Amino acid sequence: MGKIKRIRTISQSLSLILINLGFLGIFLKHLTVPAFNCYACPWATISCPIGLLQNFVMNGQVPTYVLGTMGAVFVFVGSAFCGWVCPFGFFQDAIDFVKNIFKRKDKKPRKKSQAKNNSKDFSLISRLIVLVATLVLAIRYVDTIFCKLCPIGTIEATFPYQIANGFSYNIWLGARIGILIFLIIMFFLISRFWCRYLCPIGALAGPSNKISLLKLYHNGDNCNGCNICKDVCPLDIDVVKDLNSTRCTRCADCVDKCPKGHLAFGLDIFGLVAISPFKKKKPKVVEKKLVTPSTEGIPGAETPKDSEAIPPEEEVDVLDEFKYREKGTLVERPAYMGFKKGERVYLPYEEVKKIGVRPPKTSLSVLLKQYSEGRLAEDYDTPEAFVEEKIEEKLKDVPKSIPKEEVDRKHFEKFRIPKRTELHLEHLKYLQELDVPMDVKAIANNSNEVPAVLLAIVDASDKINFEYINARDKRAEWYYQDNLPSVYINGKYYNGSFSEDELIYKIKTERYIIENVSLIIDYTKCIGCNAQSCKKSCDIFKKIPILDEGYGVYPLSNIGCSLCGKCIIECDRGGVSFIFGEKLVTDPNFSIEMIKKNNELISTIYPETVLLFLEKNKKHSNRALNFTIALSYLSHGKLSYQIVDVAKNQEAVLKRKIGAIPCFWVSDNVQIAGMVSEASILAFIRKISKWKG
Amino acid sequence: MKIVSIIAFIMAFVLLISGIYGLNIGPVSLEGRQYQQANQIGSYICLSCIGLTGSTVSHTLTDDTINRLKKIDYPVKIWVFTSNDCPTCPDAKAIILNFTVENPNISFEEIKLETQGQFFDTYAVSELPSVIFFNKDGIVLRKDNFVHKVVGIDKLQERVIEAIEMVS
């Protein structure tokens, strides 16, 4: 059930109660609304417009009050009361709901007879006939004939009356129960049968759709006729062709189900001012097109290598060092990063001195000398340690409205001890030239515990996005905490030592993954997807347009993805996958359902690093990669992996004596090679997990 | 379409305001403005009009009813709630009249919606025809703390005679 449909059901239930507040002793029978609710119901609060119409006409009066009330509603919202208020409409919707439950069990595809669609629409005429017949009979026999047969009266008035006063039979009773049974059968065959062909209120409400202020709008730019709107419409209206149909009950099911949001309600004030919901959205469509890949998905087609697919990012703030380098004060490294009131500053030595920020211990000449000699690493003295209690006290002052992440970030920036390590010049160069985004998270008991070398690496590059998470925080629960501080690089637990070389190596391997792996979206699986769990779980997916057919190929470095693997788990339809290499190699039988089912087992494994030996552009390599990504996410990042391209690293393969590709390699004893299936990969997980079952 | 919608807009409000103001075009059978008339129509439901009760019934009392009626030796007052445009109210009135003819202990009064509407509210009568009963002290007959009403004309004789027996 979609969001709008849920709101509509709530609205219908609420109005059913509001219209029948008689059990509280509230009766407002002066009022009437264009909704079917028998006023003879013992609890009915308001009057039935058709009943009143007949009574007025019967007495020979012009029913200006009833017609005026109905007209006033109709000119504003058209027939919206039919879909959102009317209790009899609610009854029919309930029958539809029951019908759908049985249909789902049968799993029969809903077939629509062409004859029905092609036949001339006589629904409005039949409704008008009912209305005119009602009034003519009332005048002719001076009696409310319609009320004697009315089906909602049978439900709301006859049954309570019969229960309260004992069963008594008369000819009208038989007729009206017969009509109700007939209608219920028809409701099972044709949804909203009453609203479609018989409702006398609908005879007035239907035409008002054409002139009312509330109108349905369709943005036809990208619509390519999936006809989902037509399929979901309970009244079988061809929505796109006939937006303001006389049959429409304004139930908004089509708006709810349109996969692209091309239908919406707007205001049309006498045709003079049209407030269409789509006018504002148009520039967004243009923006989206930039992200669209230039080749739209023929399987096997080569992915575009050009970076045109992604709009060029804004000029990133160049590190201040670079500016100074231009001026001639050579600073190849952020050695002059100082701290001024907790904020990092990048300044040349002389200026640092002026401000009075603690300058580096060694002067530039000494550093240059060290550089020429080949030893550049140098630690600052650690200042006096912070007392954790003070920090806690200060944290309490932070207003509660600020989100927890922000508090953590501020805390970290504020109390981070400027304990610094100089990195090797080669590494600094590498980090400054780093062009793929990295996501580094450190989980620690306090900011002191975060390794200094990690901070130095983080500071050296703009592309590295660092986040400190306090271990006592709720957000830290997801992460592995047995061995604090834990460091997560791109959502994968870092299982090595905190040495400069190893961390840089890890970043290099992550960079290799991001530069060589692409995200694949199978758009055929997106059609009619209501959940849109990809967009809910990941911000990157919000930028990506969802098309109707073909495949979308997005190199990770272009879209700024750090390959955490959440999307592959969240997508229920198997529309998201990843490929290693340039070619779009699709895998129709790919499924990770079994892996998802075993997520509890997978989450218990110990941290482990897997070497993935893969070939580019191969189906089984891609499958192995996808399994690993899924496992890595389900294991809370504890299973971290590193991709080795077999073609380029012959030595690595020979050294480990690997027989078949793809291969998961943990150690000589723990490895699986060759074609992979979900079963084999789960067996592999059992080998490295706590679970021995 | 522009003109049509503007005309519809104006017409709807002209009708609504004229209805509320009480512009009655044609004969007036109920009192008041149209929204007050709507209140009367909606509040006091003529049961036969909406087919909840039979429209034809025999006025003559059955032997069983007459036998039971003869045993009544205490005064019972009956109120019959009626309205002008209720087709079955005369039938109900006629049957109750027959009761009074058979046994002089029983007396009845007709309460008309058009003239004595306040009694409808006092005894919470919203269906027509309705019959309620009083004993000699003028205390209304109650059943489970609610005013005991005989509603509609289906099996009216049986239900009325039962109620009369309960008054004692």
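In chain A, helix H7 passes helix H12 in a left-handed crossing (the near helix is turned anticlockwise from the far one by less than a right angle; clockwise would be right-handed). The model is a predicted one, in which local features need pLDDT of at least 70 and side-chain atom pairs count only at pLDDT 80 or more, whereas totals for chains, interfaces and linings use all residues. Residues are numbered from 1 along each chain as its sequence is written, while chains are lettered from A and ligands numbered from 1 in the order in which they are written. Helices (H or I, at least four residues) and strands (E, at least two) are DSSP runs, numbered from the N terminus.

H7(A) spans residues 123-141 and H12(A) residues 200-208, and the two pack at an angle of about 130 degrees with their axes 7 Å apart (axes are lines fitted to C-alpha atoms, for helices over the stretch in contact, and angles run from 0 to 180 degrees between N-to-C directions). H7(A) is therefore oblique to H12(A), a class left for angles that are not under 35 degrees (roughly parallel), over 145 (roughly antiparallel) or 65 to 115 (roughly perpendicular). From H7(A), the residues A:Leu124, A:Arg127, A:Leu128, A:Val130, A:Leu131 and A:Thr134 meet A:Pro200, A:Gly202, A:Ala203 and A:Gly206 of H12(A), contact being defined by C-beta atoms, placed from the backbone, that lie within 7 Å. By residue type, this contact of H7(A) with H12(A) comprises six nonpolar, three polar and one charged (Ala, Val, Leu, Ile, Met, Phe, Trp, Tyr, Cys and Pro are nonpolar, Asp, Glu, Lys and Arg charged, and the others, Gly among them, polar).

Between the chains, 40 residues of chain A are in contact with 39 residues of chain B. On the side of chain B that touches chain A, the elements giving two or more residues are helix H1 (2-21) and helix H2 (34-43) of chain B, and H1(B) provides the largest share, 14 residues. That side of chain B consists of 22 nonpolar, 14 polar and three charged residues.

Chain A also holds an open sheet of four strands, ordered E14-E13-E15-E16 with mixed pairing, where a pair needs at least two bridges found by DSSP. Its edges are formed by strand E14 (639-645) and strand E16 (671-673) of chain A, each of which pairs on one side only; on average, neighbouring strands are turned by 20 degrees against each other, direction ignored. Strand E13 (608-614) and strand E15 (663-665) of chain A pair in the antiparallel sense over three bridges, and A:Phe613 has A:Cys663 of E15(A) as its bridge partner.

Several backbone features lie in loops.

A positive phi, near 60 degrees, is found in A:Asn617, a residue other than glycine, within the loop between E13 and helix H30 (619-634) of chain A. A:Asn617 counts as partly exposed because it has 15 C-beta neighbours inside 10 Å (buried requires 20 or more other C-beta atoms within 10 Å, exposed 12 or fewer, and partly exposed lies in between). A:His636, in the loop between H30 and E14 of chain A, has a positive phi of about 60 degrees although it is not a glycine, and its 21 C-beta neighbours inside 10 Å are why A:His636 counts as buried.

Definitions and conventions
Two residues are in contact if their C-beta atoms, placed from the backbone, lie within 7 Å.
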